[in-house]
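Subject: Handover of a structure

Hello,

Here is the structure for your set. Please open it first, then read the notes below.

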There are 2 protein chains.
Amino acid sequence: MARRPTTADPFNAVAEPRRRQILDLLATGERSVNDLAGLLNLKQPQVSKHLKVLKAVGLVNVRGAGRRRLYTMNGDKLKPIHDWVKRFERMWAERLDRLDEYLKELQSGEDPG
Amino acid sequence: MARRPTTADPFNAVAEPRRRQILDLLATGERSVNDLAGLLNLKQPQVSKHLKVLKAVGLVNVRGAGRRRLYTMNGDKLKPIHDWVKRFERMWAERLDRLDEYLKELQSGEDPG
DNA sequence: AGATTATATACCCATATCGGAATATATCAA
DNA sequence: TTGATATATTCCGATATGGGTATATAATCT
């Protein structure tokens, strides 16, 4: 067998950074394909293809508007990822009081609070 | 270019269901390779290979113990995933009061509370 | 040293990927 | 209809994957 297709589930679809960027933009509202291509400095065919993957796993919806197609985000499909990751939340929350972790936070410039 | 390697980042490493299962088990404590293989009905080489990927992205640590190698989980590396997904949390939380979403919850047998 | 156990690595193969480039489809305008 | 714009699809090529199987390495025991 080979690697699981990107269209298998949101986990695989979202593993591609470009697609996360697209979702980041769609989270703010409806966007057309060329709109996204311009904002992300991508070529139109690649954007169409990424959107096709996102559509396949239900992460986006489309609406025809004249000769354009406006995409919106469907965040619900991210919930399984959230649920899975959340179970490990304590693994980085509980250790904030440990000195080594604290120092790491300081070094990386993050807010330890 | 081809698809981003599984070792590129935790997003890609965790897109594989087997690796999520391995992390689920390691979250409960240290495990040896054969231990994991037995619990997941996988062959030893596949487990070693999955662990290699998880190690490459820092999601697990190893400790030699005699002729065995005990793996532990390092949850910190999941934080970027958590942070990214959490930004969309309102997209499924805010809509719980909408009728269609509510019905979906009921149909899927989930707790709408 | 030789035997046994635990784990890692190497090799093969079918499959999917992502970007690039070209082309097809669709919608509108004149 | 012809032309322009917006999007989707097709073909290509380099690359990595994950399972299977066999083999190599490592540590322990007698």
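A cavity here is a set of points on a 1 Å grid, laid over the protein atoms alone, where a 1.4 Å probe fits but cannot get out; its lining residues have an atom within 4 Å of a point. This is a predicted model, in which local features need pLDDT of at least 70, side-chain atom pairs count only at pLDDT 80 or more, and totals for chains, interfaces and linings use all residues. Residues are numbered from 1 along each chain as its sequence is written, chains are lettered from A and ligands numbered from 1 in the order in which they are written, and side-chain values use heavy atoms, with hydrogens and water left out.

Cavities

The structure has 2 cavities of 30 Å³ or more. Grid points are joined across faces, edges and corners, and a volume is the space filled by probe spheres set on the points. The largest cavity has a volume of about 40 Å³. Its lining consists of A:Phe11, A:Val14 and A:Ile81 with B:Phe11, B:Val14 and B:Ile81.

Chain A lines it with A:Arg3, A:Arg4 and A:Asn12, and chain B with B:Thr6, B:Asn12, B:Ala15, B:Glu16 and B:Arg19. By class, this lining has 1 nonpolar, 3 polar and 4 charged residues.

DNA strand D

A residue is near a strand if one of its heavy atoms lies within 4 Å of it. DNA strand D is surrounded by 29 residues. The closest are A:Met1, A:Gln44, A:Ser48, A:Tyr71 and B:Arg19. By class, the surface near DNA strand D has 9 nonpolar, 8 polar and 12 charged residues. Of the atoms of DNA strand D within 4 Å of the protein, 62% belong to sugar or phosphate, and the rest belong to bases.

Polar contacts are pairs of N or O atoms within 3.5 Å; within protein, one must be able to donate a hydrogen and the other to accept it, and residues adjacent in sequence count only if both atoms are side-chain atoms. Chain B supplies these examples:

- B:Gln46 has a polar side-chain atom 3.3 Å from a base nitrogen of DNA strand D.
- B:His50 has a polar side-chain atom 2.9 Å from a phosphate oxygen of DNA strand D.
- B:Arg67 has a side-chain N or O atom 3.4 Å from a sugar or linking oxygen of DNA strand D.

Two or more residues each come from α3 (33-40), α4 (44-56) and β3 (68-73) of chain A, and from α2 (17-26) and α4 (44-56) of chain B. Helices (H or I, at least four residues) and strands (E, at least two) are DSSP runs, numbered from the N terminus. The largest share, 5 residues, comes from α4(A).

DNA strand C

DNA strand C has 29 residues around it, and A:Arg19, B:Met1, B:Gln44, B:Ser48 and B:Tyr71 come nearest. Sugar and phosphate make up 62% of the atoms of DNA strand C that come within 4 Å of the protein. The surface near DNA strand C divides into 8 nonpolar, 9 polar and 12 charged residues. α4(B) gives the most to that surface, with 5 residues.

- A:Lys49 has a side-chain N or O atom 2.8 Å from a base oxygen of DNA strand C.
- B:Arg67 has a polar side-chain atom 3.1 Å from a sugar or linking oxygen of DNA strand C.
- B:Tyr71 has a polar side-chain atom 2.4 Å from a phosphate oxygen of DNA strand C.

Sheet in chain B

Chain B has an open sheet of 3 strands in the order β1-β3-β2, with antiparallel pairing. β1 (31-32) and β2 (60-65) are at the edges with a single partner strand each, so one side of each is left without a neighbour in the sheet. Two strands pair if DSSP finds at least two bridges between them. β2(B) and β3(B) pair over 6 bridges.

Regards

Definitions and conventions:
Nonpolar A, V, L, I, M, F, W, Y, C, P; charged D, E, K, R; others polar. 1 Å grid on protein atoms, 1.4 Å probe; cavity = no way out; pocket = protein on both sides within 12 Å on 5 of 7 lines; lining within 4 Å.
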